[in-house]
Amino acid sequence: MIVLKDILYKVTINAVVGSTSVSINNIHFDSRNIKKSDLFVAIKGNIVDGHKFIEVAIKNGAIAIVCETLPDILVDGVTYVEVDNSKSALAFMASNFYDAPSENLKLVGVTGTNGKTTVASLLYQLFKKAGYKVGLLSTVKILIDNKAYKATHTTPDSLTINRCLKEMNDAGVEFCFMEVSSHGIHQNRIEGLYFEGGIFTNLSHDHLDYHNTFAEYRDVKKVFFDSLSSKAFALVNTDDKNGLVMLQNTKAKKYTYALKGYADYKAQILENQFSGLLLKVNDSEVWTRLIGNFNAYNVLAIYATAELLGLEKVEILRLISELESVSGRFQYIISDEKITAIVDYAHTPDALKNVLETINSIRTKNEALITVVGCGGDRDKTKRPKMGYIASALSTKVVFTSDNPRSEKPEAILEDIEKGVEPQNFKKTVTITDRKQAIKTACQMAQPNDIILIAGKGHETYQEIKGERFDFDDYKIVQEFLKQLQK
Ligand SMILES: CC(=O)N[C@H]1[C@@H](OP(=O)(O)OP(=O)(O)OC[C@H]2O[C@@H](n3ccc(=O)[nH]c3=O)[C@H](O)[C@@H]2O)O[C@H](CO)[C@@H](O)[C@@H]1O[C@H](C)C(=O)N[C@@H](C)C(=O)N[C@H](CCC(=O)O)C(=O)O
Ligand SMILES: Nc1ncnc2c1ncn2[C@@H]1O[C@H](COP(=O)(O)OP(=O)(O)OP(=O)(O)O)[C@@H](O)[C@H]1O
Ligand SMILES: N[C@H](CCC[C@H](N)C(=O)O)C(=O)O
Ligand SMILES: [Mg+2]
């Protein structure tokens with residue numbers, strides 16, 4: 001139990017009705033989770049207004065309510081706290097409730113359109129290998145040192161973040177790497193956290209359904225850097241034109257990394273093969289099993305971060321050479337017939353382009369590239385023709401198929417994708433709505449030495465159709481079909 005007034009520290013309060021000396025058992029922002037003596041935070045959501053559930057929350061046992069507008073009828077014995085912004089209040093209260101856990105470890109946030117999971121997960125791996133207890137909050141999973149939890153979001157809600165960080169404190173975790181999504185920043189999920197550093201990977205087209213314009217999307221990302229403290233570091237990729245924009249108003253110590261332009265941390269690709277990359281990082285050579293130009297950026301960001309967090313250069317280089325690829329990120333298998341299948345989470349135009357260009361830079365002319373790709377439903381529709389254009393322009397053959405259609409009609413999503421295909425590429429493409437059939441067809445099309453890319457779902461182990469999640473794992477499915485072909 002904790003007293004209400006003790007968790008209101010840093011919350012901007014407009015009015016209080018009732019006593020702030022009441023004891024609170026737990027905090028929830030969903031009335032369905034409220035139990036006796038809990039605090040309910042009413043949030044104006046994207047779909048419904050949480051203020052509608054204040055009455056239900058009280059029926060379920062809420063002893064206090066934090067809201068932006070006081071209800072007309074106030075219930076005796078319940079304390080009401082009116083705040084400016086419920087989401088922001090929730091974030092501060094969550095941190096107070098769990099004893100400011102971000103201040104008891106070194107928390108580093110990774111933001112950008114692509115590469116967040118890769119960079120955060122590889123930093124987790126590297127620091128584990130260096131002998132530390134480490135935490136990870138990522139799209140793929142949440143790790144409290146060795147203990148794994150399922151992830152539901154890239155950046156969880158502020159209560160979940162602080163609860164996980166508290167568990168990390170209790171487990172003696174020293175470093176935590178977390179993905180910071182634009183939704184996370186915009187919905188105040190990371191407010192009130194103390195970050196030791198922030199990393200910016202890149203910015204390209206995504207989520208324009210949510211953020212309306214690219215400028216708005218960029219400015220939301222920038223808020224993360226604007227909020228860093230003067231003791232923190234801000235590390236940005238300056239080959240991306242928005243890298244320096246992120247640094248414009250930050251108080252943090254500024255560091256840059258780049259492959260092309262001048263920067264504090266520089267890398268050069270010496271060799272780029274299917275077996276990995278040979279890089280020159282500042283003045284030292286390092287070999288990594290990670291594949292593709294874009295991973296040179298990720299490795300460089302990792303190198304710089306590890307150095308900024310105090311690891312020795314020689315040790316960092318040694319550990320980088322031991323890193324293993326992240327689940328569903330350029331994960332590949334080669335069949336006995338020498339067909340290579342790559343499963344990758346490229347679900348944005350830029351990521352798809354990067355992955356296809358990487359494969360094209362490695363394969364020979366005789367090796368065909370067959371791409372299986374789709375786009376998620378209930379997400380940015382303007383991505384669709386762009387991805388259709390890119391897939392068909394950069395592959396030998398393409399099978400368009402469903403990603404997670406969610407509530408949308410799969411055929412309608414596929415029509416949007418097909419609109420981006422240029423006439424000269426029509427004959428390269430075929431559309432098969434059922435993803436399993438699409439993968440099977442790609443396997444049947446493939447000749448020895450060909451490459452199949454299955455893009456968009458990476459590590460995901462489900463497919464969401466009409467609100468229902470079915471078991472689905474691209475990697476397992478392609479592995480199975482390749483095995484069947486051998487028989
Ligand atoms: C669009 C979006 O981001 N929505 C998030 C948001 O939900 P919302 O605003 O829609 O909530 P709502 O349904 O309108 O409900 C409003 C409030 O009423 C409450 N409620 C509702 C019903 C009820 O009976 N009682 C009750 O109290 C809800 O708990 C909520 O507090 O706040 C919720 C709680 O934190 C999130 O779970 C939810 O994520 C949804 C599920 C989601 O799909 N989000 C995706 C888009 C997302 O966040 N993605 C990014 C990654 C993007 C990327 O970079 O690739 C991520 O960080 O994961
Ligand atoms: N630095 C990078 N630049 C561009 N593309 C990248 C980079 N790193 C990874 N990618 C591509 O983007 C895909 C997604 O990578 P990753 O999962 O690391 O990104 P993310 O930012 O975590 O994505 P999400 O927003 O879905 O969480 C990869 O599968 C790869 O195709
Ligand atoms: N974090 C991204 C992941 C997209 C992955 C793709 N498989 C899809 O379902 O659209 C999102 O929620 O938009
Ligand atoms: Mg991610």
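Predicted model: local features only at pLDDT ≥ 70, side-chain atom pairs only at ≥ 80, totals over all residues.
## Overall build

The protein chain holds 15 helices and 26 strands. Its radius of gyration is 24 Å, close to the 23 Å that the globule rule gives for 487 residues, so the chain is as compact as a globular protein of that length. The C-alpha trace spans about 75 × 50 × 40 Å along its principal axes.

## Domains

The chain divides into domain 1 (2-97), domain 2 (101-320) and domain 3 (331-486). The C-alpha centres of domain 2 and domain 3 are 27 Å apart.

Domain 2 and domain 3 touch. On each side, 16 residues take part: 16 of domain 2 are in contact with 16 of domain 3. On the domain 2 side, helix 6 (208-211), strand 16 (265-273) and helix 9 each supply at least two residues. That side has five nonpolar, nine polar and two charged residues.

## The site of ligand 1

Ligand 1 is surrounded by 20 residues. The closest are G45, I47, G50, H153 and S181. By class, this shell has twelve polar, five nonpolar and three charged residues.

Domain 1 and domain 2 both give residues to the shell, so ligand 1 lies between them.

## The site of ligand 2

There are 23 residues around ligand 2. G115, K116, T117, T118 and A351 come nearest. Helix 11 gives the most, with four residues.

The shell around ligand 2 has twelve polar, six nonpolar and five charged residues. Both domain 2 and domain 3 contribute to the shell, so ligand 2 lies between these two domains.

## Helix 11 and helix 12

Helix 11 also meets helix 12. Two packed helices are described by the angle between their axes and the distance between the axes. Here the axes of helix 11 and helix 12 (residues 383-394) come within 9 Å and cross at roughly 5°. That angle makes helix 11 roughly parallel to helix 12.

Which residues meet? From helix 11 come P349, L352, K353, L356, E357 and N360. From helix 12 come K383, K386, M387, I390, A391 and L394. The residues of this contact divide into seven nonpolar, four charged and one polar.

Methods
Residues numbered from 1 in each chain as written. Chains lettered and ligands numbered in written order. Near = placed C-beta within 6 Å. Nonpolar A, V, L, I, M, F, W, Y, C, P; charged D, E, K, R; others polar. Domains from an automatic or database assignment. Axes fitted to C-alpha atoms, helices over the stretch in contact; angles between N-to-C directions. Parallel < 35°, antiparallel > 145°, perpendicular 65-115°, else oblique. Contact = placed C-beta atoms within 7 Å. Rg over C-alpha atoms; globule rule 2.2 N^0.38 Å.
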